[in-house]
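Subject: A structure for you to explore

Hello,

I am handing over a structure that I have been looking through, and I hope you enjoy it. Please open it below and keep it in view while you read my notes.

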Amino acid sequence: MSRKKTAIMISGRGSNMAALIEAAADHGFPVEIAGVISDKADAPGLVIANQRKIPARVIARADFANRRAHDSAIDAALGGFGAEIVALAGYMRLLTAGFVGKWQGRMINIHPSLLPLFRGLDAHRRALEAGVRLHGCTVHFVTPEVDSGPIIAQAAVPVLADDTEEMLAARVLKAEHQLYPLALRLVAEGSVRMEAGRTVFDLGHGSERASPLILAPDLRPAAPNLEDLARFTP
Ligand code: GRF
């Protein structure tokens with residue numbers, strides 16, 4: 001099995017990055033984490049990358065004249081890592097359309113809401129304000145419009161009556177750490193791809209229809225592995 005070289009881009013805490021590194025520590029996982037890029041020199045995630053002996057580079061926006069030059073430097077660093085897939089994990093900057101276009105279909109992101117609800121910042125606060133009873137997280141292909149690309153996988157968690165923003169965020173984060181490795185695995189294996197602006201699943205058994213990957217509210221995966229997912233008929 002060839003393992004797909006994957007670079008992770010962060011700006012902060014790096015807990016999703018850590019979950020991906022952890023998953024890739026298993027040599028049966030079809031991904032090798034080739035490197036980490038942070039736009040912030042003080043991102044706590046860099047300490048984790050360092051501890052796990054993953055090469056990490058800081059590429060700060062302030063060192064470049066404009067966004068295009070910044071993204072070009074990131075693109076060069078991704079090339080240096082030999083990256084075939086890019087996983088955004090709490091990368092807090094808008095990416096230029098040129099950069100996104102170059103990586104389209106090979107760049108994924110995790111967002112802490114059930115998209116298309118609550119795109120952008122403060123998703124948990126807005127979920128509480130909206131009074132939704134179901135919240136969660138989404139892994140999607142990155143397209144130029146923020147948090148709008150074709151959805152790969154989603155995990156749902158309940159919103160409890162006495163939830164604070166922090167409690168809800170923690171529940172979703174736990175789901176994120178389960179969902180992101182599953183979704184990255186699907187992309188790396190070629191079981192899911194982006195085609196004409198849509199997500200196409202190829203789960204074997206000759207099936208080419210789009211299938212959701214849903215985690216039940218208690219966080220037990222409804223489709224814990226690909227075989228089960230292929231059998232899953234909504
Ligand atoms: C996560 O909630 C992720 O969904 C969002 O930013 C947060 C990053 O957290 N895009 P961490 O840095 O992975 O801990």
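Is A196 buried or exposed? A196 is exposed, because its relative accessible area is 81% (exposed means over 50%, buried under 20%, and partly exposed in between, with a 1.4 Å probe and protein chains only). A196 is found in the loop between strand 8 (192-195) and strand 9 (198-201), and its phi is positive, about 50°, although A196 is not a glycine.

Before we go on, please note that this is a predicted model, in which local features need pLDDT of at least 70 and side-chain atom pairs count only at pLDDT 80 or more, while totals for chains, interfaces and linings use all residues. Residues are numbered from 1 along each chain as its sequence is written, and side-chain values use heavy atoms, with hydrogens and water left out.

The whole chain

The protein chain has seven helices and 10 strands (DSSP runs numbered from the N terminus: H or I with at least four residues for helices, E with at least two for strands). Of its 234 residues, 50% are buried. Contacts (heavy atoms within 4.5 Å) with a separation of 6 or more come to 63% from residues 24 or more positions apart.

Strand 2 and its partners

Seven of the eight residues of strand 2 are buried, so this strand is largely enclosed by the rest of the structure. Strand 2 runs parallel to strand 1 (residues 4-10), with seven bridges joining the two (strands pair if DSSP finds at least two bridges between them). One of the bridge partners in strand 2 is V31, which pairs with K4. On to strand 3 (residues 56-58): three bridges join it to strand 2, again in parallel, and S38 has V58 as its bridge partner there.

Strand 1, helix 1 (residues 15-24) and strand 2 form a right-handed β-α-β unit (right-handed means that, with the strands pointing away from the viewer, the path from the first strand over the helix to the second runs clockwise). Strand 2, helix 2 (residues 44-51) and strand 3 form a right-handed β-α-β unit too.

Now find A34, which lies in strand 2 (residues 31-38). A34 counts as buried because its relative accessibility is 10%. Leaving aside neighbours within four places in sequence, A34 is in contact with K5, T6, P55 and F81.

N109 and D147

N109 is in strand 5 (residues 107-111) and counts as buried, at 10% relative accessibility. What does the side chain of N109 make a polar contact with? The answer is the side chain of D147, at 3.5 Å (a polar contact is a pair of N or O atoms within 3.5 Å; within protein, one must be able to donate a hydrogen and the other to accept it, and residues adjacent in sequence count only if both atoms are side-chain atoms). D147 sits in the loop between strand 6 (134-141) and strand 7 (151-158). D147 is buried, with a relative accessible area of 9%, and its phi is near 55°, a positive value in a residue other than glycine.

One more stop

The peptide bond from L115 to P116 is cis, with omega near 10°. You will find P116 in the loop between strand 5 and helix 5 (123-130).

Happy exploring, and write back with any questions!
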